[in-house]
Amino acid sequence: MKHDGSLHKQGEVTPLQRVLLSRRSNRKFAPGEPSREQLSYIVACVDGFRAATKLEAPRIVIIERPEDHSAVIRAAMKGLVGKINPWLPFMKAKHLILCGALYPAADGHGAEKGGGSASPGQEETNDAGTEKLPLDSAGSRLGHEYRAGVERAVKEASMAMQVAVLAATEVGLATCWLAGINHERIEKAYQMPDGARLVAISPLGVPTRKKGLSWDSVTFHLISKRRMPLEKIWMREQWGGEKDDQ
Ligand SMILES: Cc1cc2nc3c(=O)[nH]c(=O)nc-3n(C[C@H](O)[C@H](O)[C@H](O)COP(=O)(O)O)c2cc1C
């Protein structure tokens, strides 16, 4: 394995491995917009993922309308949690990806619709955007199942979001997962499809070529360089099975 985490497989790195290794979080973007073809490719990849996996929870939305874009950014910055990403209003990406998850119904039957107001067994958020634990009546099995269902839905949605993020990288666009945002305010400012609950957002834009001191260079040195090598997390056929470089 090379120092950058890439894999030696008869001297080859697969296209997917290349995308995984080359993707970095971007908080600074060049002027300009993704093309129709680039956007369609991302949507097609997410649709393909959902069709192949038959996962029902993910709702991935690309925001294009300037009024929706500014409403989401404004809402994301509200409250204490909104202070996490002070660069957000100044980044030049004109598109956003929203990652939503369809939660299970609080009564354990089917998916929850409508989002928003909390009822017993449902998740609540406060104005700071931090999530409280679900309201679990008498610590019942239903409460436990509901929490497990929510966790599962969030994981499914996150997988679909990562497909969007990797597809964007593949077509030369830049992204940055953002969960340090005011989820509840965004849900009020922008109606997620089918009442899905917001998991995370990402700017989607043209990467800047400019180097120098920035949030990106700081996080690259502090976090990105400590990434776990791909060979440690890349399994063949099944988790825990043969590693790719063996
Ligand atoms: C679930 C999740 C949430 C994140 N939330 C934020 C965030 O709120 N603000 C931010 O600047 N970066 C956020 N990031 C990006 C990480 O900071 C980034 O992945 C890390 O700095 C490593 O950089 P790299 O992606 O370039 O390797 C988030 C990443 C993930 C996976």
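**Close-up views of a predicted model**

Figure 1. The structure is a predicted model, in which local features need pLDDT of at least 70, side-chain atom pairs count only at pLDDT 80 or more, and totals for chains, interfaces and linings use all residues. Residues are numbered from 1 along each chain as its sequence is written.

**Figure 2. The order of the secondary structure elements.** The protein has 7 helices and 7 strands, where helices (H or I, at least four residues) and strands (E, at least two) are DSSP runs numbered from the N terminus. Read from the N terminus, the elements follow the order α-β-α-β-α-β-β-β-α-β-α-β-α-α. Among contacts between residues at least 6 apart in sequence, 76% join residues at least 24 apart; two residues are in contact if their C-beta atoms, placed from the backbone, lie within 7 Å.

**Figure 3. The largest nonpolar core.** This core has 46 residues, of which I97, L98, C99, M161, A164 and I201 touch the most other members. It is a set of buried Ala, Val, Leu, Ile, Met, Phe, Trp, Tyr and Cys residues joined through C-beta atoms within 7 Å. At least two residues of the core come from each of helix 2 (36–53), strand 2 (58–63), helix 3 (66–76), strand 3 (95–101), helix 4 (141–170) and strand 7 (197–207). Helix 4 gives the most, with 11 residues. Across the protein, buried residues make up 30% of the 246 residues; a residue is buried if 20 or more other C-beta atoms lie within 10 Å of its own, exposed if 12 or fewer, and partly exposed in between, with C-beta atoms placed from the backbone.

**Figure 4. L98 and its contacts.** L98 is found in strand 3 and is buried, because 24 other C-beta atoms lie within 10 Å. Leaving aside neighbours within four places in sequence, L98 is in contact with V61, I63, M192, L198 and I201. W177 is 79 residues from L98 along the chain, and the C-alpha atoms of these two residues are separated by 9.8 Å.

**Figure 5. The pairing of strand 2 with strand 3.** The two strands pair in the antiparallel sense over 6 bridges; strands pair if DSSP finds at least two bridges between them. R59 has G100 of strand 3 as its bridge partner. Strand 2 is largely enclosed by the rest of the structure, because 5 of its 6 residues are buried.

**Figure 6. Two loop residues with positive phi.** Most residues other than glycine have a negative phi. K54 has a positive phi, near 60°, and lies in the loop between helix 2 and strand 2. K54 is exposed, because 6 other C-beta atoms lie within 10 Å. D194 also has a positive phi, near 55°, and its place is in the loop between helix 5 (183–189) and strand 7. D194 is partly exposed, with 14 other C-beta atoms within 10 Å.
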